[in-house]
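This report describes a single protein chain, moving from its overall architecture to selected residues. Please consult the sequence and the model shown here while reading.

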Amino acid sequence: MLFNHPFGSSISEECLRATFSTQQQWEDKYRQLILLGKKLPTLPEALKTESIEISGCENRVWLGHERQPDGTLHFYGDSEGRIVRGLLAVLLTAVEGKTAEQLLGNDPLSLFDDLGLRHQLSASRSSGLTALAAAVQQAARED
């Protein structure tokens, strides 16, 4: 794999659901996002290319992918913003290791709804998250 991270493997959707289900206040969820973002390894500068930079986000965000020999897609990314890194970590958890067919058949943002995150986001962060989801869908279509 080009760039390893724990999301979608040791940090699963079920793990995030369990963690966020105990957080009732937005401030607590915010802290959880920051903690998740800290677990996302920094993407080496050589990989932060214009071709994987996502436009429409509040902070600079990069989201790349590669097809694995088993047909699944491996996603990797980074952001300059702490909260956006956390949102990216949640997105990576939702999409990592899935086939193109699985990604096209499911909304990559449904996990955000399950965690009670999407409705709390500012308009600009929500727009950026939509741009990230669109990049995932595009990657699946290209596969």
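**Overall architecture**

The model is predicted. The protein chain contains six helices and three strands, and their order along the sequence is α-α-β-β-α-β-α-α-α. The C-alpha trace spans about 40 × 25 × 25 Å along its principal axes. For 143 residues, a compact globule would have a radius of gyration near 15 Å; the protein chain has 14 Å and therefore agrees with that expectation. Of the contacts in the protein chain with a separation of 6 or more, 65% join residues 24 or more positions apart.

**Burial, surface and charge**

Buried residues make up 49% of the 143 residues. The protein chain exposes about 7,100 Å², of which carbon and sulfur atoms supply 47%. Its side chains include 14 positive and 19 negative ones, and the centres of these two sets lie 6 Å apart.

**Helix H1 and its buried side**

Helix H1 covers residues 13-21, and its buried residues are Glu-13, Leu-16 and Phe-20. They cover an arc of only 60° around the axis, which means that they lie on the same side of H1. An α-helix has 3.6 residues a turn, so residues three or four places apart point the same way. What do the buried residues of H1 pack against? Their partners are helix H2 (26-39), helix H3 (82-95), strand E3 (98-99) and helix H5 (110-114).

Trp-26 is found in helix H2. Not counting residues up to four places away in sequence, Trp-26 touches Leu-33, Leu-117, Gln-120 and Leu-121.

The table lists a C-alpha separation for each of these two residues.

| Residue pair | Separation in sequence | C-alpha to C-alpha distance |
|---|---|---|
| Glu-14 and Val-61 | 47 residues | 25 Å |
| Trp-26 and Glu-50 | 24 residues | 33 Å |

In summary, the predicted chain has a radius of gyration of 14 Å, in agreement with a compact globule. Within it, the buried residues of H1 pack against elements that include helix H2, the helix in which Trp-26 is found.

Notes:
Residues numbered from 1 in each chain as written. Predicted model: local features only at pLDDT ≥ 70, side-chain atom pairs only at ≥ 80, totals over all residues. Heavy atoms only, no water. Helix = DSSP H or I, 4+ residues; strand = E, 2+ residues; numbered from the N terminus. Rg over C-alpha atoms; globule rule 2.2 N^0.38 Å. Buried < 20%, exposed > 50% of the residue type's maximum accessible area, 1.4 Å probe, protein only. Contact = heavy atoms within 4.5 Å. Areas by Shrake-Rupley, 256 points an atom, 1.4 Å probe, with all protein chains shown as cover. Lys, Arg positive; Asp, Glu negative; His and termini not counted. Charge placed at Lys NZ, Arg CZ, Asp CG, Glu CD. Arc of directions from axis to C-beta.
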